[in-house]
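Work through the exercises below with the structure open. Try each task before reading its solution.

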Amino acid sequence: MLMTVNEEFGKGIILLQKRSEVFKLLVEKLGIIRFEKRSTNFQAFAKLIISQQLSSKAAETIFKRVYSISAKQKTELSPKDFIQTEDNKLEYCGVSKLKSRFIRNLAKKFIANPNFTDEWGSLTD
């Protein structure tokens, strides 16, 4: 039987409360933290890649720079916009060559199949 993420999460919380008095006390005091489903669009993944190993403030500054030179006055950074942005401009914004390469590869995947992340919900561990 397949369980939803919320069902699995709930069972895990119950198990941990039974096994750890400290965990049980934390849940009683703070409650259960609710997780929001993150967006799975290109821009969200680009932000995640840019933010790796950076402070939140630094990552946000870099992404704003990338967005300002790449998004072409749109509301969202598209895969095509990112691919069309020159490497030296991305580097000037603070995006490393390696991160640029990762994001470009991801952009190509989104261009080839814009909805490829839709199937992730049906995958099992």
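Helices here are DSSP runs of H or I with at least four residues, numbered from the N terminus. Glutamine 53 sits in the loop between helix 3 and helix 4. The model is a predicted one.

**Exercise 1. Helix 2 and its end**

Task: State how many residues of helix 2 are buried, and which residue follows the helix.

Solution: 
- Step 1. Helix 2 spans residues 21-30.
- Step 2. Of its 10 residues, the buried count is 1, so helix 2 is hardly covered.
- Step 3. Glycine 31 follows helix 2, and its phi is positive, near 85 degrees.

**Exercise 2. The largest nonpolar core**

Task: Identify which residues touch the most other members of the largest nonpolar core, and which helix gives the most to it.

Solution: 
- Step 1. The core has 18 residues. Phe42, Ile50, Val66, Leu77, Phe82, Ile103 and Leu106 touch the most other members.
- Step 2. At least two core residues come from each of helix 3 (42-51), helix 4 (56-70), helix 6 (87-93) and helix 7 (97-112).
- Step 3. Helix 3 gives the most, with 5 residues.
- Step 4. Now take phenylalanine 82. Beyond four places in sequence, it touches Phe42, Val66, Leu77, Leu90, Ser100, Ile103 and Arg104.

**Exercise 3. Packing of helix 3 on helix 7**

Task: Classify how helix 3 and helix 7 are oriented to each other, and describe their contact by residue class.

Solution: 
- Step 1. The packing angle is about 165 degrees, and the axes are 10 Å apart.
- Step 2. Angles over 145 degrees count as roughly antiparallel. Helix 3 and helix 7 are therefore roughly antiparallel.
- Step 3. The crossing of helix 3 past helix 7 is right-handed.
- Step 4. Helix 3 brings Phe42, Phe45, Ala46, Ile49 and Ile50 to the contact, and helix 7 brings Lys99, Phe102, Ile103, Leu106, Ala107 and Phe110.
- Step 5. By class, this contact has 10 nonpolar, no polar and 1 charged residues.

**Exercise 4. Sequence separation and space**

Task: State how far apart in space isoleucine 83 and alanine 107 are, and do likewise for glycine 94 and lysine 109.

Solution: 
- Step 1. Isoleucine 83 is in helix 5. It is 24 residues from alanine 107 in sequence and 6.9 Å from it in space, C-alpha to C-alpha.
- Step 2. Beyond four places in sequence, isoleucine 83 contacts Arg104, Ala107, Lys108 and Ile111.
- Step 3. Glycine 94 is in the loop between helix 6 and helix 7. Glycine 94 and lysine 109 are 15 residues apart in sequence and 23 Å apart in space, C-alpha to C-alpha.

Conventions: Residues are numbered from 1 along each chain as its sequence is written. This is a predicted model: local features need pLDDT of at least 70, side-chain atom pairs count only at pLDDT 80 or more; totals for chains, interfaces and linings use all residues. Side-chain values use heavy atoms; hydrogens and water are left out. A nonpolar core is a set of buried Ala, Val, Leu, Ile, Met, Phe, Trp, Tyr and Cys residues joined through side-chain atoms within 4.5 Å. Buried means under 20% relative accessible area, exposed over 50%, partly exposed in between (1.4 Å probe, protein chains only). Contact means heavy atoms within 4.5 Å. Axes are lines fitted to C-alpha atoms, for helices over the stretch in contact, and angles run from 0 to 180 degrees between N-to-C directions. Angles under 35 degrees count as roughly parallel, over 145 as roughly antiparallel, 65 to 115 as roughly perpendicular and the rest as oblique. A crossing is left-handed if the near helix is turned anticlockwise from the far one by less than a right angle, and right-handed if clockwise. Ala, Val, Leu, Ile, Met, Phe, Trp, Tyr, Cys and Pro count as nonpolar, Asp, Glu, Lys and Arg as charged, and the others, Gly among them, as polar.
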